[in-house]
Amino acid sequence: MKNQGDQIHIDNVKKGELTSFTFLVDKYKNMAYTIAVKILGNAEDAEDAAQESFVKAYLQINAFQGNSKFSTWLYTIVYRTSVSKLQKNKLQFSSLNDELTDHYEYDHATPEIDHLQVAEREKFVKEAIEKLPKIESLLITLYYMNENSIDEIEEITGLSAANIKVKLFRARKILGKELKFLL
């Protein structure tokens, strides 16, 4: 599944045209940074990881065969670079705390969030996503905000499809509770 516009730029980069790579960087830099910051939790480290990922992508562009979308290939590089940087910093991923979520009664009444303005909703949703563990936050961002498929996320993160679905389910459950709490 190729994006024809991207493929033209990729072919041009393979021929040595730097302006085409600049186009690709501009197109994907925001999500690359978002992925990196979700994993690393630090803006400075995320910027470094995103830049390092684009350098790697440029140097390895001839290895891109088009079996997946360019964005999936690039985000895989960003993910792996960020995880590597995280391991070097000897940080650990947070795990879900099931004890907190198991004893919570969920009220199915109409959420107050329906009554908020769009900007307020976005603020609360972003705040709730930031409170999720790093990997769940990344998965929610990739799946809902960037609209990546489960298969693409599987390729990017190396997690199994079943694991992704479970983590997304748990993250949605926690998000619902967190949004209710924030309101």
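What follows is a short chat about a predicted model.

Me: How many helices and strands are in the protein?
Reply: Nine helices and zero strands. Helices (H or I, at least four residues) and strands (E, at least two) are DSSP runs, numbered from the N terminus. Read along the sequence, the pattern is α-α-α-α-α-α-α-α-α.

Me: What are the ground rules?
Reply: This is a predicted model: local features need pLDDT of at least 70, side-chain atom pairs count only at pLDDT 80 or more, and totals for chains, interfaces and linings use all residues. Residues are numbered from 1 along each chain as its sequence is written, and side-chain values use heavy atoms, with hydrogens and water left out.

Me: What share of the residues is buried?
Reply: 42% of the 183 residues. Buried means under 20% relative accessible area, exposed over 50%, partly exposed in between (1.4 Å probe, protein chains only).

Me: Which residues touch the most other members of the largest nonpolar core?
Reply: Ile-35, Phe-70 and Leu-74, out of 46 residues. Helices that each supply at least two residues of this core include helix 2 (18–40), helix 4 (70–88) and helix 9 (161–182). A nonpolar core is a set of buried Ala, Val, Leu, Ile, Met, Phe, Trp, Tyr and Cys residues joined through side-chain atoms within 4.5 Å.

Me: What is Leu-74 in contact with, leaving aside neighbours within four places in sequence?
Reply: Tyr-28, Ser-53, Phe-54 and Ala-57. Contact means heavy atoms within 4.5 Å.

Me: New topic. Is Asn-12 buried or exposed?
Reply: Asn-12 is buried, because its relative accessible area is 16%. Its place is in helix 1 (residues 4–14).

Me: Which side chain does the Asn-12 side chain make a polar contact with?
Reply: That of Ser-20, at 3.4 Å. A polar contact is a pair of N or O atoms within 3.5 Å; within protein, one must be able to donate a hydrogen and the other to accept it, and residues adjacent in sequence count only if both atoms are side-chain atoms. Not counting residues up to four places away in sequence, Asn-12 touches Glu-17 and Ser-20.

Me: And Leu-59, buried or exposed?
Reply: Leu-59 is exposed, because its relative accessible area is 65%. Leu-59 lies in helix 3.

Me: What share of contacts between residues at least 6 apart in sequence joins residues at least 24 apart?
Reply: 67%.
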